[in-house]
Amino acid sequence: MIYQETYQAGGDPTKMNISGVLYTHNSSTFLPPPPVPKRNGFPSHCHSFYEVDYTIEGMSQFEFENRVVDVVPGSLVFISPLTMHSIKNDSRNSNFILQFSPRLLLNTLSSMEEHCILVPSGILREKGSFLINSGTAMDNMIQELIENVPTILLPVPESEVQLAGYPCQQEIRLSAALLSLLSALLDSGLLRIENTELNTSHLAKMQMLLSRLIRHPEDKLTMEAAAALTNMSYSNFCRSFKSTIGYSYVDFCNVVRIHRAQELLLHSQMSVTEISELLNFGSISYFNRIFKKHTGCTPLTYRSSRR
């Protein structure tokens with residue numbers, strides 16, 4: 001589990017309003033066809049910006065808000081800021097990813113208040129993805145966006161995918177096409193504007209808190225202390241954290257600790273008891289129960305089945 005501080009194609013979200021990339025494969029990577037598609041993708045993570053994912057070829061699998069969504073070609077997924085999610089693609093996957101800062105909307109739309117965000121609604125909320133029919137106005141908007149972003153041939157090391165920015169004219173075209181798509185999604189009831197009770201300052205503080213929790217899962221940070229770090233009241237923090245992240249604070253901390261426990265079980269010689277103590281689970285029985293709840297098996301079974 002990680003906190004993603006930069007756009008996937010490189011670039012600082014505090015300096016760049018928008019960033020996109022089309023991931024595709026060199027034809028040679030398709031020969032010979034693998035008997036079972038290999039899963040690639042991005043591990044569980046969150047970030048401060050929006051993300052639009054559009055699957056062109058192959059199958060994708062998204063996990064967010066405690067559910068798994070299988071995404072077929074031609075489908076769109078919309079990720080709001082600070083939503084914990086992971087992505088798995090098969091080895092033949094080709095997909096378009098567009099990420100943009102909330103600042104793009106705040107600077108462009110005088111009626112967009114800083115404590116409001118766009119969130120999935122309707123079918124997009126219910127199913128997790130939305131199939132866009134070929135040749136429709138929405139499909140044309142997606143194609144226009146794709147035409148204005150660079151293409152990356154896979155496989156390529158992530159460290160080599162770096163985009164400094166766009167020329168002014170290209171950024172205008174990309175931003176205009178995005179706003180048209182967002183307008184269409186809102187008109188279709190696939191997105192809605194939600195009041196998160198988080199202003200810009202609270203959002204920045206929440207980002208810092210998430211980064212700390214993910215990087216230091218062994219720290220025992222109480223909910224009261226977390227609320228104080230974000231300069232929010234206890235009740236407002238509890239309500240805002242759940243509505244913004246999709247998890248309660250306790251559940252999120254457990255998810256982060258379980259991810260860290262999985263890493264330690266596979267890549268260290270520490271015993272289950274030592275891992276439980278390091279991550280402050282309190283007791284081995286509680287650790288076993290929470291681990292099984294999130295993974296479907298006990299820590300010992302997880303370790304033995306994957307080594």
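The points below go through the sheet, the helix packing and an aromatic pair in this predicted model.

1. Ground rules. Local features need pLDDT of at least 70 and side-chain atom pairs count only at pLDDT 80 or more, while totals for chains, interfaces and linings use all residues. Residues are numbered from 1 along each chain as its sequence is written, and side-chain values use heavy atoms, with hydrogens and water left out.

2. The sheet. Six strands build an open sheet of mixed pairing, in the order S11-S7-S4-S9-S2-S12. Strands are DSSP runs (E, at least two residues), as helices are (H or I, at least four), numbered from the N terminus. Two strands pair if DSSP finds at least two bridges between them. The edges are S11 (130-131) and S12 (151-154); each has a single partner strand, so one side of each lacks a neighbour in the sheet.

3. Strand S2 (residues 18-25) runs parallel to S12, and four bridges join them. Leu-22 has Thr-151 as its bridge partner in S12.

4. H3 on the sheet. Helix H3 lies across S2, S4 (50-57), S7 (75-79), S9 (94-100) and S11. H3 runs at about 100° to S4. Axes here are lines fitted to C-alpha atoms, for helices over the stretch in contact, and angles run from 0 to 180 degrees between N-to-C directions.

5. H3 against H4. The axes of H3 (residues 137-147) and H4 (residues 168-187) come within 9 Å and cross at roughly 155°. H3 is therefore roughly antiparallel to H4. (Under 35 degrees counts as roughly parallel, over 145 as roughly antiparallel, 65 to 115 as roughly perpendicular, and the rest as oblique.) The crossing is left-handed, that is, the near helix is turned anticlockwise from the far one by less than a right angle; clockwise would be right-handed. In H3, Met-138, Met-141, Ile-142, Glu-144 and Leu-145 meet H4 residues including Leu-174, Leu-178 and Leu-181. Contact means heavy atoms within 4.5 Å. By class, the H3-H4 contact has ten nonpolar, one polar and one charged residues. Nonpolar covers Ala, Val, Leu, Ile, Met, Phe, Trp, Tyr, Cys and Pro; charged covers Asp, Glu, Lys and Arg; the others, Gly among them, are polar.

6. H8 against H10. H8 and H10 (residues 284-295) have axes that come within 10 Å and cross at roughly 95°. H8 is therefore roughly perpendicular to H10. The contact includes Val-255, Ile-258 and Leu-265 of H8, and Phe-287, Ile-290 and Phe-291 of H10. Its classes are eight nonpolar, four polar and three charged residues.

7. H8 against H11. H8 (residues 249-267) packs on H11 (residues 299-306) at about 50°, with the axes 9 Å apart. The two are therefore oblique to each other. This crossing is right-handed. Gln-262, Leu-264, Leu-265 and Leu-266 of H8 meet Pro-299, Tyr-302, Arg-303 and Arg-306 of H11. That gives five nonpolar, one polar and two charged residues.

8. Aromatic pairs. The count is eleven. Rings of Phe, Tyr and Trp (its six-membered ring) pair if their centres lie within 6.5 Å; planes under 30 degrees apart are stacked, over 60 edge-to-face, and the rest tilted. Tyr-50 and Phe-100 are stacked, at 4.8 Å centre to centre and 15° between the planes. Tyr-50 lies in S4 and Phe-100 in S9, so the pair ties together parts 50 residues apart in sequence.
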